[in-house]
Amino acid sequence: MIGLRSVDLINVANLSLVRQSFELSSRTTRTRITVRNSSIDTMPSFVFRGDVEAISFENVRIGQLSAFSFANLVQTDTLRLENCRIESMEAQAFKKFDVDYLHVIGGSFGDQVPSRTMNDIEVYHKFMLDGVRMGTVRSDAFIVRSPRTVAIQNCIVESLESEAFDVTARGAVIVKNNTFGSLAVGSFLGIRADPESRTPPGSLPTYLHDLIFKNNSVVNFEEGSMMFDRASFRLELDNLLVEQPCDCQMLPVWKNNILNYTTVYSRFYTRQNSVLPPTFSPQDSINETPETFLCTDGEIDGVPISFTEYESRHCSLGGSVMVFVIGIAGLLALLILLVCLIVWCCRRRRRNSRKKWISVPTNTPDVVSKKNGVIGREATASTAPVDSRITMVVPDGRLYRETEFHVIVEKAEPLTTEL
């Protein structure tokens, strides 16, 4: 079939493919192969061979993706898997071919993505994983060479092992809107610049490509989990959500694990390059904003909140609510102290007034007379005036338990006898 231009397999309930099902003659024109809305129990090895222009699988269930299922492709323009559910796959399922565009959109890659699932794939333009659900992604699961653009976005990954992506890029790398359950040390360190496009040694990192790590969320991670090859890329880190309840003690630990990984970086870099790390530091300052790091606020049903805002509200005295509470408490304490001081002063004044001596009078005393042994007032004046106020010195009660008072009234009259 020399003139074959396209093969479309649509709505096949149980599609069975065998080895070299699509072996195309070198004399045929370039052929497009499309499989849509079908189910394949086992995808055998070496299904494709020859000059295939494009391969597209859309809404296809694949029970088992064998090794070398996609191999021996020559001058293929596009390999596209859209909304395909792959239940299990073997290592080297995608083996050693070149393609302009490799897109995996939606669908799932099963509970485990083995090492070398995509092995030695040459992508000339764009390598993209968009909205793919994956279980545990093993180290070196994706070995892709020379794409101009790398996009890993909208994916849900349960676990990402160390250097899961071994990608050498010739342009920008975009990692955004992903959800990661667990990140091992150096999960993204395998993404680096193609040697031909790497900045020459000793030159300033002015022409580095961008690596955008934005709007991602992660549950569990450790120091060095989110370190990147800073010799290859200029990092742009923003809106990283730690899907754990905010904790004042853990905020600096999380931030340190993300930014400060000098020792781990040096070990990985030396192992990969057999030389010392570049002169600039791996934790060169990033353009950190209040929204760079976020965690979940347990008080508001897990709503994301920035580290900075949470610290100002709950972890420092600088928060307005904390200042207000402390101000009110201070005013109440001052008021209570003032009342206590006033009461103490009043009681002391009253106690001291009781102990005060009665001063000797200077005005004219009242007139009293003695009658029948009793001192009493009389209506008429007497020729023998006496002072009605008696001055006494009262001892302090703390010195004498019992005190007797003897009051002697003396009266002095003019002498009538002549001396």
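Helices here are DSSP runs of H or I with at least four residues, numbered from the N terminus. By that definition, phenylalanine 324 lies in helix 4, which covers residues 320-354. The model is predicted.

**Nonpolar core**
- The largest nonpolar core comprises 79 residues, of which Phe57, Phe70, Phe142 and Phe213 touch the most other members.
- Strand 5, spanning residues 52-65, is the greatest contributor to this core, supplying six residues.
- Beyond the residues up to four places away in sequence, phenylalanine 142 touches Phe109, Val113, Met118, Phe127, Leu129, Met134, Val137, Ala164, Phe165, Asp166 and Val167.

**Serine 56**
- Serine 56 is also located in strand 5.
- Serine 56 has a relative accessibility of 12%, and it counts as buried because this value is under 20%.
- Apart from neighbours within four places in sequence, serine 56 contacts Ile33, Thr34, Val35 and Arg80.

**Surface patch**
- A nonpolar patch on the surface is formed by Phe324, Val325, Ile328, Leu331 and Leu332, which together have about 510 Å² of accessible area.
- Phenylalanine 324 has a relative accessible area of 58%; it is therefore classed as exposed, the cut-off being over 50%.

**Arginine 170**
- Arginine 170 is placed in the loop that links strand 17 (165-169) and strand 18 (173-176).
- With a relative accessible area of 27%, arginine 170 is partly exposed.
- Histidine 125 is 45 residues away from arginine 170 along the chain, and the C-alpha atoms of the two are 9.1 Å apart.

Methods. Residues are numbered from 1 along each chain as its sequence is written. This is a predicted model: local features need pLDDT of at least 70, side-chain atom pairs count only at pLDDT 80 or more; totals for chains, interfaces and linings use all residues. Side-chain values use heavy atoms; hydrogens and water are left out. A nonpolar core is a set of buried Ala, Val, Leu, Ile, Met, Phe, Trp, Tyr and Cys residues joined through side-chain atoms within 4.5 Å. Buried means under 20% relative accessible area, exposed over 50%, partly exposed in between (1.4 Å probe, protein chains only). Helices (H or I, at least four residues) and strands (E, at least two) are DSSP runs, numbered from the N terminus. Contact means heavy atoms within 4.5 Å. Patches are made of residues with over 30% relative accessible area and no salt bridge: like charges are joined within 9 Å, nonpolar side chains (Val, Leu, Ile, Met, Phe, Trp, Tyr) within 5 Å. Accessible areas come from the Shrake-Rupley method with a 1.4 Å probe; for residues, only the protein chains shown count as cover. A salt bridge is a side-chain nitrogen of Lys or Arg within 4 Å of a carboxyl oxygen of Asp or Glu.
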